[in-house]
Amino acid sequence: MDAPSSTPSFTRRTFVRTATLAGIGGAYFGGAHLLLRDARWTPNLSFWVSRGRDPAGPPLRGEREADLAIIGGGVTGLSTALHALLRSPRLRVVLLEAHYVGFGATGRSGGVLGNGTEMGTPPGTEENVAQVIEIVDRFGIGCDLERAPETQLDPYRYAVGLKRTVLGLGGAIHEGSRVRSLEDGQTVTVRGDDFAVRAPKVIVAANGYTPRLGIGAARLFPAHTAAAVTAPLPREILRDIPDSILVMTSGEMYMWGRKAPGGRVLVGAGARYFYDNGLYYKGGGFLFPALHRTLAKSFPALAGRPFEHAWTGPMGCTTDQEPIIGTAGRSGNIVYCGGYTGHGIAMGTKAGSFLSDMLHGQSPPAWMLRPTQSLPGEPLRYIAINTVINMMNLGLYHMDKHV
Amino acid sequence: MSDAARARALGILSVLLFFVPLVAPLVQGATLVYVLSLGWRGSLDRTSMILAASGAALGFVLFLATEYLFIV
């Protein structure tokens with residue numbers, strides 16, 4: 001008997017068409033997945049590092065027991081080690097850094113210090129700058145600190161100074177020791193190619209590099225930004241440049257800048273997320289001309305002054321542009337922190353003291369423990385994050401200051 | 001939905017979604033393929049074809065600008 005004419009029929013033609021569309025979609029997104037993934041890390045080509053690199057300490061070999069293992073040799077990790085050792089001088093602290101101290105966002109930042117975060121001045125962050133100045137003064141860290149009219153420093157030398165201080169207090173810092181995995185448990189095992197560190201507490205202070213460890217991936221993501229510095233400028237040009245530069249490039253995004261040592265002007269701008277928490281972006285042929293155009297538009301005297309030095313690097317971000325502290329692992333003894341959205345030098349120093357306090361049972365400010373919007377996996381993650389960034393660049397999306 | 005309406009809708013989507021990475025070039029490419037295939041068969045009017053193809057082309061130019069020019 002024939003089927004009633006109102007019954008929807010799934011014809012061979014419909015099947016072939018649907019299968020073709022699904023195949024094309026699968027091939028497209030599958031191809032993008034293969035093509036866009038990049039395991040490389042952008043080297044640190046910053047102006048600060050170009051002025052001379054501190055010799056790296058020895059990589060870790062073999063097995064080690066510790067009371068506290070810290071992953072990441074940026075300002076957060078170093079500040080955590082410093083504050084932990086100041087509070088408990090006998091604590092066995094082992095800090096592991098994949099490349100060298102200051103390799104990540106710390107050594108690539110502009111070194112401009114400010115209280116609070118990208119979105120405001122939440123509780124506990126009102127004295128961030130004063131804390132950095134106090135550390136620099138107390139431990140005699142040579143980092144070209146300028147106190148007025150704007151507080152700024154050489155962030156790489158600040159990190160190196162923290163490293164020397166931590167070493168002086170008895171902490172162990174191993175550079176060239178990239179962590180590959182963490183084995184959860186009452187005692188966490190932190191493994192690299194040639195080492196294993198066992199510790200009851202682990203602080204992951206890798207900021208934008210954190211998701212690549214499989215930790216905090218739903219909350220943290222790396223966004224690559226760019227910075228560049230001019231050659232030394234004549235005094236008559238420098239005179240008309242403010243000590244601190246802030247130029248809005250859309251309703252939400254901005255170019256920041258400062259005067260840098262040697263009579264230079266240093267600026268930075270932009271954000272871009274790369275597939276699968278990609279850590280490689282050298283800027284291409286469009287980025288730095290676009291940055292220079294923005295600079296020249298605001299300061300016409302710099303139009304004929306090309307950048308002498310340009311670099312990029314990933315900064316850790318969250319969906320609400322505020323740093324977070326979170327826990328991972330069944331025992332909650334893996335603590336991660338990051339997401340400063342480019343405000344990490346002073347805030348990272350403060351976060352280090354919060355993390356150190358947590359070792360003694362003290363809670364950080366509640367806002368740092370807040371839940372955040374969960375980020376999806378790829379390819380939705382790539383699409384969602386870059387769509388929001390593009391909308392911000394185009395002035396189509398505005399994020400209200402919420403703290 | 002008629003072929004012409006579908007082609008025009010794809011052309012509009014191609015422009016509206018220009019700032020959505022991965023998705024924008026897919027929609028724009030699909031629009032062009034769709035318009036070309038309908039045009040080849042002679043089953044699309046000239047206005048719809050021009051609107052859809054222009055939408056795809058404009059969307060792609062805006063997509064490239066978003067990727068390479070409006071980045072700072």
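This is a predicted model: local features need pLDDT of at least 70, side-chain atom pairs count only at pLDDT 80 or more; totals for chains, interfaces and linings use all residues.
**View 1. Where chain B meets chain A.** Let's start at the interface, where 21 residues of chain A are in contact with twelve residues of chain B. On the chain B side, helix 2 (23-41) and helix 3 (46-68) each contribute at least two of the touching residues. Sorted by class, this side of chain B has eleven nonpolar residues, one polar residue and no charged ones.

**View 2. Helix 1 and helix 2 of chain B.** Here the axis of helix 1 (residues 3-16) of chain B comes within 9 Å of the axis of helix 2 of chain B, and the two cross at roughly 155°. An angle over 145 degrees counts as roughly antiparallel, so that is how helix 1 and helix 2 of chain B are related. Their crossing is left-handed. From helix 1 of chain B, look for B:Asp3, B:Ala7, B:Leu10, B:Gly11, B:Leu13 and B:Ser14; their partners in helix 2 of chain B include B:Val27, B:Tyr34 and B:Leu38. This contact brings together eight nonpolar, four polar and one charged residues.

**View 3. Helix 3 and helix 5 of chain A.** In chain A, helix 3 (residues 75-87) and helix 5 (residues 155-168) have axes that come within 9 Å and cross at roughly 30°. Angles under 35 degrees count as roughly parallel, and helix 3 and helix 5 of chain A are therefore roughly parallel to each other. The two helices make a left-handed crossing. Among the residues that meet here are A:Leu78, A:Leu82 and A:Leu85 of helix 3 of chain A, with A:Leu162, A:Lys163 and A:Val166 of helix 5 of chain A. By class, the contact comprises eight nonpolar, two polar and one charged residues.

Notes: Residues are numbered from 1 along each chain as its sequence is written. Chains are lettered from A and ligands numbered from 1 in the order in which they are written. Two residues are in contact if their C-beta atoms, placed from the backbone, lie within 7 Å. Helices (H or I, at least four residues) and strands (E, at least two) are DSSP runs, numbered from the N terminus. Ala, Val, Leu, Ile, Met, Phe, Trp, Tyr, Cys and Pro count as nonpolar, Asp, Glu, Lys and Arg as charged, and the others, Gly among them, as polar. Axes are lines fitted to C-alpha atoms, for helices over the stretch in contact, and angles run from 0 to 180 degrees between N-to-C directions. Angles under 35 degrees count as roughly parallel, over 145 as roughly antiparallel, 65 to 115 as roughly perpendicular and the rest as oblique. A crossing is left-handed if the near helix is turned anticlockwise from the far one by less than a right angle, and right-handed if clockwise.
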